[in-house]
Amino acid sequence: MSPRPRIRDLGYKPGRFVPGPKNSLLDVPGVTVGQVTIHKDPSIHTGLTMIFPRGVKETRGMPCYAATHDLNGMGELTGSHAMREWGFTNGPIALTNTVSVGKVYDGIFLWELEQAAESGEDDIIAGRRMNIPVVGETYDGLLNDISASVIDKEVVYQAINASQTQSEILEGNHGGGTAMRFHGYKGGTGTSSRIVPGDKWDYTLGVLVQANHGQKPDLRIGNVPVGELLSREDGLAGGGGSLPAAGRAAEGILLITDAPLLPHQLRRIAQHATMGITQVGGHSAGRNFSGEIFLALSTGTSPNELASASSGFDYLPPLETQKVETLKNETIDSLLYAASEVTEEAILNALCKAETLKGYKGRVTEGLPVGRVEELLDKYMVKLN
């Protein structure tokens, strides 16, 4: 069987900026990703994705400025309160299923304590560098027996180890996106990147999504109402899909750039990812039971210096400063545009790469009929390139 295509293979190239060499979050220098996928037939289909913004060894000591945005907040992203308060994070980002958040959080916390001990830090320094683990979730309970709760500390460590050797992000039914569903079809993990020209060098913006929302009639690709057209065909054929729409869905999106951005700028980047969702789902984005939660990070600058005149816990310590670089406000439009198009493409990549999955209670979610979609795009889409 030939591998399933990405969206560009079907003739649609979202946006105006050029992708990086892998068209992946891994195009951002220093970023590493590890995935664990679990299939235990017939009922267990789930996984975990771990992202290290600066790799396993550097992430703890080099915090990344960070910001979040909710389109609809029916979901969970741990550590978001701390990020809003301090404006940065210095640990891995994990994406998994809804019931596994606590176990993954616990595993990351224990791993961070082990890393501190192995590096020779005393408990005071370790406490000053302590990170609230960041774990995002989407619901996979229709195709996975979520009550089995099979993801544990061992799986967390497997994903961390995988991040040191994994050379590509596996899309579709892999990692945290293993059993996710999207617009009536199989969804899951997707990724994409863009190169944005700058004054010193070209910057990279990458995204990883865990696509798990929407219903078939609202699906759009390249402004073609693909979902509506396929729904009509299903109706004529007497079919309508083998599984009803999920009552609880979510969309987890992580954007990372090496452009130097501060938290208020990253909040705007995260906000504009919502426009990428609307390109695919039209007016249906942000439904009541959806958790469209976005996180944006910058590796281009860092608040990495600990205080030197105090322990960090002193009463009324003297003020200390450090220098950081940041993007000029008037030029941010290019990154805002790129955030939308890179999100759109990553979501479509997840949809195209995902394969039909039979799971819990014999339920089946079909993969997107990519051959038929290619025909529809060729027929209806105005091609400019």
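Guide: A crossing is left-handed if the near helix is turned anticlockwise from the far one by less than a right angle, and right-handed if clockwise. Here H3 passes H5 in a right-handed crossing; helices are DSSP runs of H or I with at least four residues, strands are E runs of at least two, and both are numbered from the N terminus. The model is predicted: local features need pLDDT of at least 70 and side-chain atom pairs 80 or more, while totals for chains, interfaces and linings use all residues. Residues are numbered from 1 along each chain, and side-chain values use heavy atoms, without hydrogens and water.

Visitor: Which residues of H3 and H5 make the contact?

Guide: Contact means heavy atoms within 4.5 Å. H3 contributes Lys-103, Val-104, Gly-107, Ile-108, Leu-110, Trp-111 and Glu-114, and H5 contributes Lys-153, Val-156, Tyr-157 and Ile-160.

Visitor: How is a nonpolar core read?

Guide: Such a core is a set of buried Ala, Val, Leu, Ile, Met, Phe, Trp, Tyr and Cys residues joined through side-chain atoms within 4.5 Å, where buried means under 20% relative accessible area (1.4 Å probe, protein chains only). The largest one has 53 residues, and Leu-219, Leu-335 and Leu-368 are among those with the most contacts inside it. Helix H8 (333-353) is one of the elements that supply at least two residues; H8 gives the most, with 11.

Visitor: Which residues does Leu-368 touch?

Guide: Leaving out residues up to four places away in sequence, Leu-368 touches Arg-4, Tyr-185, Leu-219, Leu-230, Leu-351, Cys-352 and Val-373. A second, separate core of 20 residues includes Val-31 and Val-134.

Technical notes: Buried means under 20% relative accessible area, exposed over 50%, partly exposed in between (1.4 Å probe, protein chains only).
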